[in-house]
Amino acid sequence: MSPFVGRVDDIGARGVELIAEIASIFEVHNMQTEIIAASIRNPIHVSECALAGSDIATIPFGVLKQMAKHPLTDIGIEKFLADYNKK
């Protein structure tokens, strides 16, 4: 099953809620089908879909790059390097 999360959001519904509903239905009926969250638009989609029961996500490269970057990590690295270079 491969619901298009971003496209569902585009029409005013909640794509992540759809993932959760599908996961719940599969569990109730003991269906052995994986859920592939498609049309992922941002890092929040990724984590919310995983929490909602998605087994796999098709993640665009741009979103993957966003997931690897965090402003607090960047600040921490800058401070560490500044302290290191003071020696």
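Gly62 is placed in helix α4, which covers residues 61-67; helices (H or I, at least four residues) and strands (E, at least two) are DSSP runs, numbered from the N terminus. With a relative accessible area of 40%, Gly62 is partly exposed, the classes being buried under 20% relative accessible area, exposed over 50%, and partly exposed in between (1.4 Å probe, protein chains only). The model is a predicted one, in which local features need pLDDT of at least 70 and side-chain atom pairs count only at pLDDT 80 or more, whereas totals for chains, interfaces and linings use all residues. Residues are numbered from 1 along each chain as its sequence is written, and side-chain values use heavy atoms, with hydrogens and water left out.

The protein contains five helices and two strands. Read from the N terminus, these elements follow the order α-α-β-α-β-α-α. The radius of gyration of the protein is 18 Å, whereas a compact globule of 87 residues would have a value near 12 Å; the radius is taken over C-alpha atoms, and the globule rule is 2.2 Å times the number of residues to the power 0.38. The C-alpha trace spans about 65 × 30 × 20 Å along its principal axes. Buried residues make up 24% of the 87 residues. Of the contacts (heavy atoms within 4.5 Å) between residues at least 6 apart in sequence, 45% join residues at least 24 apart.

The accessible surface amounts to about 6,300 Å², and carbon and sulfur atoms account for 61% of this area. Accessible areas come from the Shrake-Rupley method with a 1.4 Å probe, and for residues only the protein chains shown count as cover. The protein carries 8 positive and 11 negative charges, whose mean positions are 14 Å apart. In this count Lys and Arg are positive and Asp and Glu negative, while His and the chain ends are not counted; the place of a charge is NZ of Lys, CZ of Arg, CG of Asp or CD of Glu.

The largest nonpolar core comprises 13 residues, and those with the most contacts inside it are Val5, Val16, Ile19, Ile35, Ala37, Ile40 and Cys49. Helices α2 (15-28) and α3 (43-52) each supply at least two residues of this core, and the largest share, five residues, comes from α2. Such a core is a set of buried Ala, Val, Leu, Ile, Met, Phe, Trp, Tyr and Cys residues joined through side-chain atoms within 4.5 Å.

Cys49, a residue of helix α3, is buried, with a relative accessible area of 1%. Apart from neighbours within four places in sequence, Cys49 is in contact with Val5, Val16, Ile19, Ala37, Ile40 and Ser54. Between Cys49 and Phe26 the C-alpha to C-alpha distance is 15 Å, at a sequence separation of 23 residues. For Ile40, with neighbours within four places in sequence again left aside, the contacts are His45, Val46, Cys49, Ala57, Thr58, Pro60 and Val63.

Pro60, one of these partners of Ile40, is placed in the loop between β2 (56-57) and α4. Its relative accessible area of 37% makes Pro60 partly exposed. The C-alpha atoms of Pro60 and Ala20 are separated by 21 Å, the two residues being 40 apart along the chain. Beyond α4, Ala68 has its place in the loop between α4 and α5 (71-85) and counts as exposed at 73% relative accessibility. The C-alpha atoms of Ala68 and Pro43 are separated by 9.5 Å, with 25 residues as their separation along the chain.

Backbone torsions were also examined. Most residues other than glycine have a negative phi. Asn30, in contrast, has a positive phi near 50°. This residue lies in the loop between α2 and β1 (36-37) and is exposed, with a relative accessible area of 59%. Ser39 likewise has a positive phi, near 55°. Ser39 is found in the loop between β1 and α3, and with a relative accessible area of 16% Ser39 is buried.
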